[in-house]
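My entries follow in the order in which I made them.

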Amino acid sequence: MRKPNESASQKLTRREALGRVALTGLGAASILSGAGELARLSAQAPAPVQAAPLPATDPKYPMPPAWNRELRQLAPNVYAYLQGGGPGIPAAGVSNPGMIAGADYLMAIDATQGPIPARAFIAASKQATGKDFGRLVNTHHHGDHVNGNQFFTHAEILGHPYCREECVKAAATTPKTWTPTPGVADAAEERKLVPPSVTFKDDLTYFIGGTEVQFRFAGPAHTWGDMMAYLPQYKILFAGDVAFFWVAPYANNSYITKWIEVCDKIAGWDVDVIVPGHGPIGGKKELAEMANYFRVLGVEARKRYDAKMTPGAAAAEIRLGRFDNWIGPERLIMDTVRWYEEWDSTLTPDYNAMAVREATIEYNQVKAGQKKMSEIIPLSRMEALAEPC
Ligand SMILES: [Zn+2]
């Protein structure tokens, strides 16, 4: 085990940390943020596309594939609307919805992040089937899955009670107009967050156009209210954000230990195809890899937790091998914070924006001390991740 980094393991006050990072050459404007901005972080802020440098990739390991945006038919009347992505493509925050076509109407599984992807998903679905949406099931409350709900108000919207509660809370502070953002919104049009109007806690089954769609709640994982859609005839699982493939999993509202358990549970289901919330279509192998991301991080973070290192200093040291090349590598910081909260028994369903912020500042401080300026993560990037996905 490595010795803890003495200077970094000392807990800095926020002011000290901000000052030290500012001295390393980062622009003060990019790191200073008032209480108002932090309040905004917990709300459903728009997620700007980030163009800042990422932590280094590792040439020893494969890079993620690139995949196209497309409405892909997986079985009769069953489709996934895949967002394009791949290395260097800033699409980690745009989720993959699903669509089941019935005799009279379409069912959507998630509503995407904003006007551009929601309208594109609706248009592609109508073009493929000649039908309109009559039901929408949100897999969970994160903005990139529910912010598009306002474009499905002609449909009945369903979700787990926790998903509804979080949407109701977020709706109170949702801006009244969209901020034009590449890939999300192209105009400052009216914006509102529409929570699910129907909730269900346990398994719920729809029979639509000959397709059996079982909604399954497998316990807290990515959030405390994750719903998945399992299609037994075709062995297809729309996993929502219980699955991230080639994209670093986002754990800001997660119970990582239970999330791994849910992945292990799915391994026992009769599933061939998994549509992840983020990344290209895969299967159980890819889901097991995502669980391995958390296991590897858990082992590395635990060594440093036991050595009394802070989560930011720990994250700056940790290398994840093949997982370092996954899209969204900066999520290592938030995921380390989340592991620490489990071990400290301070875990709640809520996102701890301040802890992630402090950890990012400490992470940057270590990188700056090592003169690895290209690996410094702008706080604006982490703040953009406060828009959960
Ligand atoms: Zn999510």
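**Entry 1: the zinc site**

I looked up the zinc ion and found its protein donors to be His 140 (NE2), His 142 (ND1), His 222 (NE2) and Asp 241 (OD), at 2.1 to 2.2 Å. A donor here is an N, O or S atom within 2.8 Å of the metal (3.2 Å for Na, K and Ca), and since water is not among the atoms, sites may look incomplete. The model is predicted: local features need pLDDT of at least 70, side-chain atom pairs count only at pLDDT 80 or more, and totals for chains, interfaces and linings use all residues. I number residues from 1 along each chain as its sequence is written, and side-chain values use heavy atoms, with hydrogens and water left out.

What geometry does the site of the zinc ion have? I noted it as irregular, with angles of 89 to 170° among the four donor atoms. Four donors count as tetrahedral if all angles lie between 85 and 135 degrees; four count as square planar and six as octahedral if opposite donors are over 155 degrees apart and all others between 65 and 115; anything else is irregular.

Along the chain, I read the donor spacing as H-x1-H-x79-H-x18-D. His 142 and His 222 link distant parts of the chain, 80 residues apart. I placed His 142 in the loop between β5 (133-137) and α6 (143-146), and His 222 in the loop between β9 (211-217) and β10 (227-231). Helices (H or I, at least four residues) and strands (E, at least two) are DSSP runs, numbered from the N terminus.

Are these two histidines buried or exposed? His 142 counts as buried because its relative accessibility is 0%, and His 222 is buried with a relative accessible area of 0%. Buried means under 20% relative accessible area, exposed over 50%, partly exposed in between (1.4 Å probe, protein chains only).

**Entry 2: whole chain and cores**

I counted 13 helices and 12 strands in the protein. Of its 389 residues, 58% are buried. Among contacts with a separation of 6 or more, 69% are between residues 24 or more positions apart, where contact means heavy atoms within 4.5 Å. The protein exposes about 15300 Å², with 54% of it from carbon and sulfur atoms; accessible areas come from the Shrake-Rupley method with a 1.4 Å probe, and for residues only the protein chains shown count as cover.

I then looked up the largest nonpolar core, which has 57 residues. Such a core is a set of buried Ala, Val, Leu, Ile, Met, Phe, Trp, Tyr and Cys residues joined through side-chain atoms within 4.5 Å. Residues with the most contacts inside this core include Met 228, Trp 259 and Phe 294. The elements that each supply at least two of its residues include β10, β11 (236-244), α8 (256-267) and α9 (284-306). Helix α9 gives the most, with eight residues.

Leaving out residues up to four places away in sequence, I found Phe 294 touching Pro 249, Ala 251, Ile 256, Trp 259, Ile 260, Asp 335 and Trp 339. A second, separate core has 21 residues, including Ala 101, Phe 121, Ala 124 and Trp 178.

I found Lys 367 in helix α12. Lys 367 counts as buried because its relative accessible area is 4%. What does the side chain of Lys 367 make a polar contact with? Its partner is the side chain of Glu 375, at 2.8 Å. A polar contact is a pair of N or O atoms within 3.5 Å; within protein, one must be able to donate a hydrogen and the other to accept it, and residues adjacent in sequence count only if both atoms are side-chain atoms. Beyond four places in sequence, Lys 367 is in contact with Ala 316, Lys 372, Glu 375 and Ile 376.

Thr 112 is in the loop between β4 (106-109) and α5 (115-129) and is buried, at 0% relative accessibility. I saw its side chain reach the backbone nitrogen of Ala 118 at 3.0 Å.

**Entry 3: positive phi**

I noted Asn 77 with a positive phi of about 70° although it is not a glycine. Asn 77 lies in the loop between β1 (70-75) and β2 (78-82) and is partly exposed, at 29%. Trp 246, also not a glycine, has a positive phi of about 65°. I found Trp 246 in the loop between β11 and α8, partly exposed at 25% relative accessibility.
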